[in-house]
Amino acid sequence: MRVSGHSIIFISLFILSVYIHRVQARPFVLVLSNDDFNGGFGDNGADESSDFDEFGESEPKSEEELDPGSWRPIFEPNDSAVHASASPQYYSGLHKILSAASEGNTTLMEEAVSEIDSSASSGDPHAQSVMGFVYGIGMMRETSRSKSILHHHFASEGGNMQSKMALAFRYLRQNMHDKAVELYAELAETAVNSFLISKDSPMVEPIRIHIGTEENKDALRKSRGEEDEDFQILEYQAEKGNSAAMHKIGLFYYFGLRGLRRDHAKALYWFSKAVEKGEPMSMELLGEIYARGAGVERNYDKARECLTLAVKQGLYSAFNGLGYLYVKGYGVDTRNYTKAREYFEMAANNEDPSGHYNLGVLYLKGIGVKKDVRRATKYFFVAANAGQPKAFYQLAKMFHTGFGLTKNLEMATTFYKLVAERGPWSSLSRWALEAYLKGDVGKAFILYLRMSELGYEVAQSNAAWILDKYGERSMCMGVSGFCTDKERHDRAHSLWWRASEQGNEHAALLIGDAYYYGRGTERDFVRAAEAYMYAKSQSNAQAMFNLGYMHEHGEGLPFDLHLAKRYYDQALQSDAAAKLPVTLALASVWVRRNYADTALVQVLDSLPEVYRKVEEWVENVVLEEGNATILTLFLCLMTVLYLRGRQRRQVVLDPVGADVAQPLAGPVAFPQ
């Protein structure tokens, strides 16, 4: 049995325990202090007309306009507009790269990279972007950080948004916030322009395909779209007239959730059917569809009618839509800012984040109310803490310009990045997941690698896990063919480390384990301790436990039982599930402190080696298929014989033949 981190094994007087720390997402909470407010509230561009275009003033921009050189024509050719901004040679080379990754064809990959390189040399910015990716990972070309940056720079100048994401992330990692913030600001604005509805952006949240070292089977099962059994059951219920099921299916199609492609026509169909049944949430979304003209002709009268019905059904979030109509004067007799504010307040009073955001915009711009930037900022913070992406965008602009908030480029960069990652390039995540679910690990891997370069933590984690899990089957390609073991290890290490820098505590833990156990690299207790220390700084209980163990044994850290106890105590304080291993570890510390240089301590020190030998015996002997079967049958037979013998000892048969069981209260008297 192999465990993550360290385990303490006690035989006879102690028991075997394995502590597995489960990574949980920690809530991201924003706290506003008086120091954050800026006394000067001059207008530094906060009044762009797009701030209140919740439903959009004009037809939404195409993917080609928002993300020139998009990879969408490869994956969704029927949904893509004519891609005149990119050369046919670029798309031909890109298609070959993906095919080569899927097939594991190194000859085709070399041909594809050469074709892309030729296109890049002729000045195609999108081909230059791909070459930046190629040099960055060292695929069919020697790894070159300078060439990667140079290609991304020219691609960025040529309008390639994915290269801007890659450069922004590089600057962020180097704490060059003055450069990163400018790129992320432009990217975030593009992302906001791609939002389909007022509640949230259309981005499909990246799926983490693993939990720790194991595949995330539950999340993957729920991402199979129309092939998912749960979806088929839901669809059956909807066809039988279940209004809640109708709404859910409409929602899946409208947002493109659960592995489904976004389909406004199907969303409209199911929302309309649900509305006929009186389903209020579908009324709200149907009103929004008519207001935006998403898949239907724009009709503000129908929008107002649907939203009003939703409000009457007690759906407070629908007040936002009505408030918007009164702000713009759409579908109503005239603009009425007072009424709009009242509607937004009703939504906010019922803890709707968009209500807080909309009130923030009113007070920021002074629409129907006295301009109050401080109050607007507080509304934006409430909305941001509830996950409203446009609120993050507003706060990012305020931190960036110093308008209303003290100028803070680091905070601005962080918030812009959160919004930018919801841009149209996030579709790479959906295509990677689709490939993985189809068993095309090579294609999934290269897509996650591309997203990793753009700064997506989940993609970095997924790509690293694929390398560790699938090894040669990951179709990882290096400078001159398939990756060597060292190249795979180096890539995985780099990806895990980037993920850990962005808050993935499990990633730092895995790096520490790799150095501690010598997995893919030479054992290095000092570097293992450094990685565990980084994970510990993210409040990882397993890392705290490991640091305690290393202090207890003097591995990579000074032998110090006092510090060992402190780390063990911290692990228990951080995670109550650590109680058993921490208790055993503290017992071990007590033994070492009170019985130093005795045979008992020598026994404790020998246990890891005993455990290793037992583990090898179990893996090589017991778990061998034939031996495991024989052993199982033997144990079953012994169990049956034991139970039969116990029954004979405790049961006395009635001498007349009655099948009566009597408890043994004393010696048995036989008839004379």
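A residue is buried when its relative accessible area is under 20%, exposed when it is over 50%, and partly exposed in between (1.4 Å probe, protein chains only). Of the 672 residues of this protein, 50% count as buried. The model is predicted: local features need pLDDT of at least 70, side-chain atom pairs count only at pLDDT 80 or more, and totals for chains, interfaces and linings use all residues. Residues are numbered from 1 along each chain as its sequence is written, and side-chain values use heavy atoms, with hydrogens and water left out.

**Overall make-up**

- The protein has 31 helices and four strands. Both are DSSP runs, numbered from the N terminus: helices are H or I with at least four residues, strands are E with at least two.
- The accessible surface comes to about 32,200 Å². Carbon and sulfur atoms hold 53% of that surface. Areas come from the Shrake-Rupley method with a 1.4 Å probe, and for residues only the protein chains shown count as cover.
- Contact means heavy atoms within 4.5 Å. Among contacts between residues at least 6 apart in sequence, 60% join residues at least 24 apart.

**The largest nonpolar core**

- A nonpolar core is a set of buried Ala, Val, Leu, Ile, Met, Phe, Trp, Tyr and Cys residues joined through side-chain atoms within 4.5 Å.
- The largest such core holds 178 residues. W71, M109 and M139 touch the most other members.
- Helix α8 (residues 177–194) supplies the largest share of this core, nine residues.
- In soluble globular proteins, nonpolar side chains tend to be buried together.

- Not counting residues up to four places away in sequence, W71 touches Y90, L94, L98, V130, Q162, L428, W431, L447 and R450.
- L447 is found in helix α22 (residues 441–453). L447 is buried, at 0% relative accessibility.
- Beyond its neighbours within four places in sequence, L447 is in contact with W71, F75, L98, L428, W431 and A432.
- L447 and A101 are 346 residues apart in sequence. Their C-alpha atoms are 9.6 Å apart in space.
- H152 sits in helix α6 (residues 145–157). H152 is buried too, with a relative accessible area of 0%.
- H152 touches S129, G132, F133, S163, A166, L167, R450 and E453, again not counting residues up to four places away in sequence. R450 is also on the contact list of W71.
- H152 and Q162 are ten residues apart in sequence and 8.7 Å apart in space, C-alpha to C-alpha. Q162 is one of the residues that W71 touches.

**Packing of α11 and α13**

- Two packed helices are described by the angle between their axes and the distance between the axes.
- Helix α11 (residues 243–255) packs on helix α13 (residues 280–292) at an angle of about 35 degrees, with the axes 10 Å apart. Axes are lines fitted to C-alpha atoms, for helices over the stretch in contact, and angles run from 0 to 180 degrees between N-to-C directions.
- The crossing of α11 past α13 is left-handed. That term applies if the near helix is turned anticlockwise from the far one by less than a right angle; clockwise is right-handed.
- From α11, H247, L251 and Y254 meet M281, S282, L285 and I289 of α13.
- These contact residues divide into five nonpolar, two polar and no charged. Ala, Val, Leu, Ile, Met, Phe, Trp, Tyr, Cys and Pro count as nonpolar, Asp, Glu, Lys and Arg as charged, and the others, Gly among them, as polar.

**Two other helix residues**

- Y343 lies in helix α16. Y343 counts as buried, at 16% relative accessibility.
- Y343 and F319 are 24 residues apart along the chain, and their C-alpha atoms are separated by 5.1 Å.
- K96 is placed in helix α3 (residues 88–103). Leaving aside neighbours within four places in sequence, K96 is in contact with L108, E111, A112 and E115.
- The C-alpha atoms of K96 and L108, twelve residues apart along the chain, are separated by 6.8 Å.

- Most residues other than glycine have a negative phi.
- E351 has a positive phi of about 60 degrees, although it is not a glycine. E351 lies in the loop between α16 (337–349) and α17 (353–365). E351 is exposed, with a relative accessible area of 71%.
- S539 also has a positive phi, near 65 degrees. S539 lies in the loop between α26 (525–537) and α27 (541–553). S539 is partly exposed, at 34% relative accessibility.
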